[in-house]
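I opened this notebook page to record a few look-ups in a single structure. The entries follow the order in which I made them.

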Amino acid sequence: MVAAGPTSTIVDRRFVVALVVVAIAGCGSAASPTTSTEAAPPVTFSPSAWTRIPHDAAVFGGEGDQRMESVTAGGPGLVAVGWEGGEDRDAAVWTSPNGAGWSRVADDQGTFSGGGFRGMASVAAGGPGLVAVGWEGSAGDTDAAVWTSP
C-alpha cells in the first residue's frame, strides 16, 4: 500500500475542483426548458355566437314529428341522424358540408323505413365509413338496430 503524501492530496483536490468546474460549465451552457403555469383561456359560447338555420320543410320535415338525435363529422362534412313520423317512425339521415346548409338523404331502398318504427339515436365514425345505432320494432317489440355506411 502506498502512503498518501502532500502531493497526492493536492492532485485529489485539483481533480475535484476540475470536476466541479466542468459540471458548472455544462449546466450553464445548456438551455433550460421553460414551463408555463398560465392556464389557457376558457372557451365560451354566448348566445350571440350562434345562428339559427332557417327551417326548410323539404329538408327538416313538414307536418309530423322530426328529430335529430346525434351529429358527427364524416362523409361530406357533417352527418346527423334521427327519425321522423308519428307512431310509424322512420329513421332519418341529414348531411351538411358546413353546418349551414343541410340535405336530407333519400331513402330510395327502404333502408330507413319499413313496417313498424325505426329511429337512429347516435352516429360515429367507424371503419371506413359511419356507424349509426338505434332501434326498430312493431307490435310492442323493440330491438336494437345498427346501420353502416361506406
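The entries below concern strand pairing, one arginine and one surface patch.

Entry 1. I noted at the outset that this is a predicted model.

Entry 2. I looked up the pairing of β5 with β6, which spans residues 129–138. The two strands run antiparallel and share 9 bridges.

Entry 3. I then followed β6 to β7, residues 141–149. This pair is also antiparallel, over 9 bridges. Ser-138 lies opposite Asp-141 in β7. The hairpin of β6 and β7 has 2 residues between the strands, and Ala-139 in the turn shows a positive phi of about 50°.

Entry 4. I returned to β5, residues 117–126, to examine Arg-118. Is Arg-118 buried or exposed? Its relative accessibility is 18%, and because the limit for buried is under 20%, Arg-118 counts as buried. Its side chain makes a polar contact of 3.3 Å with the side chain of Glu-136. Among the residues that Arg-118 touches, I listed Trp-83, Asp-90, Phe-112, Trp-135 and Trp-147.

Entry 5. Last, I examined the surface. Which residues form a nonpolar patch there? I found Val-43, Phe-45 and Trp-50, with about 440 Å² of accessible area together. Phe-45 sits in the loop between α1 (6–29) and α2 (57–60). Phe-45 counts as exposed because its relative accessible area is 61%, where the cut-off is over 50%.

Key
Residues are numbered from 1 along each chain as its sequence is written. This is a predicted model: local features need pLDDT of at least 70, side-chain atom pairs count only at pLDDT 80 or more; totals for chains, interfaces and linings use all residues. Side-chain values use heavy atoms; hydrogens and water are left out. Helices (H or I, at least four residues) and strands (E, at least two) are DSSP runs, numbered from the N terminus. Buried means under 20% relative accessible area, exposed over 50%, partly exposed in between (1.4 Å probe, protein chains only). A polar contact is a pair of N or O atoms within 3.5 Å; within protein, one must be able to donate a hydrogen and the other to accept it, and residues adjacent in sequence count only if both atoms are side-chain atoms. Contact means heavy atoms within 4.5 Å. Patches are made of residues with over 30% relative accessible area and no salt bridge: like charges are joined within 9 Å, nonpolar side chains (Val, Leu, Ile, Met, Phe, Trp, Tyr) within 5 Å. Accessible areas come from the Shrake-Rupley method with a 1.4 Å probe; for residues, only the protein chains shown count as cover. A salt bridge is a side-chain nitrogen of Lys or Arg within 4 Å of a carboxyl oxygen of Asp or Glu. Two strands pair if DSSP finds at least two bridges between them. Lists of a residue's contacts leave out its neighbours within four places in sequence.
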